[in-house]
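Visitor: I am new to this structure. Please take a close look at one helix for me, and then at the aromatic rings.

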Amino acid sequence: MKSHVQVAVIGGGVVGCSVLFHLAKAGWKDVVLIERDELTSGSSWHAAGGFHTLNGDPNVARLQRYTIDLYQELEEISGQSCGLHLTGGVMLADTPERMDFLKLAHARGRYLGLETEIISVAEAKTMFPILDEKHFVGALFDPAEGHLDPAGTTHAYAKAARSKGAKIYRHTCVEDLAQRQDGSWDVITNKGNLVAEHVVNAAGLWAREVGRMVGIELPVLAMEHMYLLTEDIPEIKAYNEETGKELIHVIDFGGEIYTRQEQYGLLLGTYEQACKPWSPRQTPWDFGPELLEPDLDRLAPSLEIGFAHFPPLERAGIKQVINGPFTFAPDGNPLVGPVQGLQNFWCACAVMAGFSQGGGVGLSLANWMVEGDPGHDIWGMDVARYGEWATLAYTNEKVRENYSRRFRIRFPNEELPAARPAQTTPLYDRMIAQGAVMGDSWGLETPLWFAPEGSEPRDVLSFRRSNDFAHVKAECLSVRNGVGITEIANFAKYEITGAGAEVWLSHLMTNKVARKNRIVLTPMLNEFGKLIGDFTIARLEDDRFFMFGSSQAQIYHMRWFEQHLPEDGSVRVRRIDLGLVGLSIAGPKSRQLLARVCDDDVANDTFRFMDFREMDVCGAPAMVGRITYTGDLGFEIWVKPEYERRLYDKMMAAGADLGLKNFGMRALLSLRLEKNFGTWFGEFRPIYGPFEAGLGRFVDLTKNDFIGRDAAMAEKDNGPKLTRISMVVDTVDADVMGDEPIWHDNKVVGWVTSGGYAHFVDKSMAQGYVPSELVDGVAQGSFEIEILGERYPAHRQLEPLFDPEGKRMRG
Ligand SMILES: Cc1cc2nc3c(=O)[nH]c(=O)nc-3n(C[C@H](O)[C@H](O)[C@H](O)COP(=O)(O)OP(=O)(O)OC[C@H]3O[C@@H](n4cnc5c(N)ncnc54)[C@H](O)[C@@H]3O)c2cc1C
């Protein structure tokens, strides 16, 4: 064994081998993989080997496509067959709602370059003749589906990696990891120790345990999973002989079944409702390449549907049932990337579909390690998307929910119930008592909308406008016509202090640093000039700043801040999280309301737009900024949690005669639409430049050499390739949800990033990116947006529909 390496990848399943291959391909020679047993001896050896591109997150779908396209190259480099059967596949819809879901997936596929097709049940039957048509309403065909040999594929990655200089140590178990002063790791194994500059946790079934070696609890859990193999089915043999073709891969959402041909029979698996975690607390180290006891009772409900949907199945004998464990994160997507708070420790785990995703995971992680950036928008897989609230118990509940919903529809207005409430603010009970419908905002219960007395506080799930429509409208109107109040505890909050704080902020952010008691809005870029943050920063003292941003990105941002802190300790960044909570009041009467509950002068010329100060509000010590995301006159009031109830109660009492009303996140997101404001992870993501995103006015290229400045300058000089636009859409009863294709001249030219109904201006609106050359001089109405299979005219809206001159927020 070597004594010193650049990278030690722990785990020789399909994912670890893919990471090793991609690192070696990128030119890193001194990379080793350490496997406790033989390669594939975790989950990889007993996988069903199916692969497909469908994923709820389009960016993950794109990487799944990369994985599938990679196999041929892998076979060529390694000389090892992956046993590829690129049969194509269909997803069968049993209800109109499921058909809507498939149309959505199809539309998304268009801008990803996926060649899916909506087909009839009769057409599906020509490719999968054993289905009974009467149970289905339509289908989606995807040519990039099929199955492969899991062991062959894992070995193909391994051989290809070896051919590029990587080493593999089998029968070597990593027993502990200890960090050295210089950030490298002592990798302690049963065969001796080595020092690795970087460690990658690709330990699959043991990823949680390897995490514990470095003091972290990764949100990952293994579930038992079963598939069965049938005896030969004569109808399949006849089809093969008649057509010379193999059956295609099938997902039957009604039965929660996936199936494909295996020899002349079927391989059929289910994501059963009565699902079962495996080793929920500790994966045994002596678990070898063995199978778990099958439990046909758990499969029975799905099998019964399968017998009806595919009648020859009922007549076929079952040859074998495979039951094996494999791992999931709470949302079913992988955990990839560097872990915040640790140096040189990387994750490539919780990959539940290793043969669809392994290539994309390996590529992004290798890019990240070698180039400093994953090279793709991999937020959906980033290990930083979870906070400390994702405990062992949370993960257990969420993974079970996710597993049992694997083939279920997730509606755009659907909040999933498992593991909630996880975190609540002091106002939770008051909000519930007033009819709040709550949503999960990065583990925190947050009011979405309020059901007035007499209506049920519950979302009716739909792809179209739903029961909240009229109530959200009323909330928007109460803001625009009077004053509304909303809880903003779910924003991310940071305190930045120290003698070096100003210089540091100026180096990280694109905008000038705020003067004392002022606020600035500023994007943050990576070295490639792409957007990695969008913040509101307020300065309270020369060396004390408060920063507000997206709650979901807190760990993502802390990871970046820590990586860029000066070593001399002159800057401290503290994630405040729920140590600070807040309320926003907005609307033309909001100043009148604030004046009633504080002793300070809050007149327009004394407390100006973008001012920030400490003052007592409702008798509670608070920090107040004159800014709101509604784009109206408004204030954000921040207090410690112990003052929040006082603040809220007194504010409600003081505002009663002004018509003060609660409003929720949905109204807030609607109000920002008519101001053309973008959202983090919607419009602002690490694949766009600041000028593309329309944030150029917050980028001061002359102030100093901030991170990403050269790239931003080049973007400006060359002209942005894409442009974010706001559009009014002529729809009838359904608004965009995000990821819909934008058409121009009968071609898909872009995609929607977010949208919905802008209630005050009474228009359906969407934002999205299109090539810049289409923006200049394009007449109104020449774009179309595809919503649930129909194309609707979309008119570019240059100015905000509400208060284009910003008089309200400044007045
Ligand atoms: C029944 C079943 C059917 C499936 N069907 C499909 C399918 O059709 N398509 C699909 O894409 N996926 C399928 N999967 C899932 C697929 O198997 C996994 O996504 C994949 O195997 C994950 O690979 P991995 O490399 O992350 O983990 P693993 O395969 O678990 O590999 C981890 C490796 O790390 C090693 N290791 C762990 N700890 C240490 C240590 N401390 N020191 C050294 N080595 C260590 C282990 O020995 C193991 O070999 C299925 C899974 C099951 C159980």
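**A helix and the rings**

Guide: Start with helix α17, residues 644-655. Helix α17 has 12 residues and spans 16 Å from its first C-alpha to its last, close to the 16 Å expected at 1.5 Å a residue. This is a predicted model. Which residues of α17 are buried? They are E644, L647, Y648, M651, A654 and G655. These residues lie on the same side of α17, because they cover an arc of only 140° around the axis. An α-helix has 3.6 residues a turn, so residues three or four places apart point the same way.

Now the rings. The count of aromatic pairs comes to 35. One of them joins W278 and F287. This pair is tilted, with 4.5 Å centre to centre and 55° between the planes. W278 and F287 are both buried. F326 and F328 form another tilted pair. Here the centres are 4.9 Å apart, and the planes make an angle of 50°. Are F326 and F328 buried or exposed? Buried means under 20% relative accessible area. F326 has 13% relative accessibility, so F326 counts as buried. F328 is buried too, because its relative accessible area is 1%. F326 and F328 also belong to a cluster.

The charged end of K237 sits over the ring of Y264, 5.1 Å from the ring centre. R480 lies over the face of F802, at 3.6 Å from the ring centre.

Terms used: Residues numbered from 1 in each chain as written. Predicted model: local features only at pLDDT ≥ 70, side-chain atom pairs only at ≥ 80, totals over all residues. Heavy atoms only, no water. Helix = DSSP H or I, 4+ residues; strand = E, 2+ residues; numbered from the N terminus. Expected span 1.5 Å × (residues − 1). Buried < 20%, exposed > 50% of the residue type's maximum accessible area, 1.4 Å probe, protein only. Arc of directions from axis to C-beta. Phe/Tyr/Trp six-rings, centres within 6.5 Å; stacked < 30°, edge-to-face > 60°. Lys NZ or Arg CZ within 6 Å of the ring centre and 35° of its normal.
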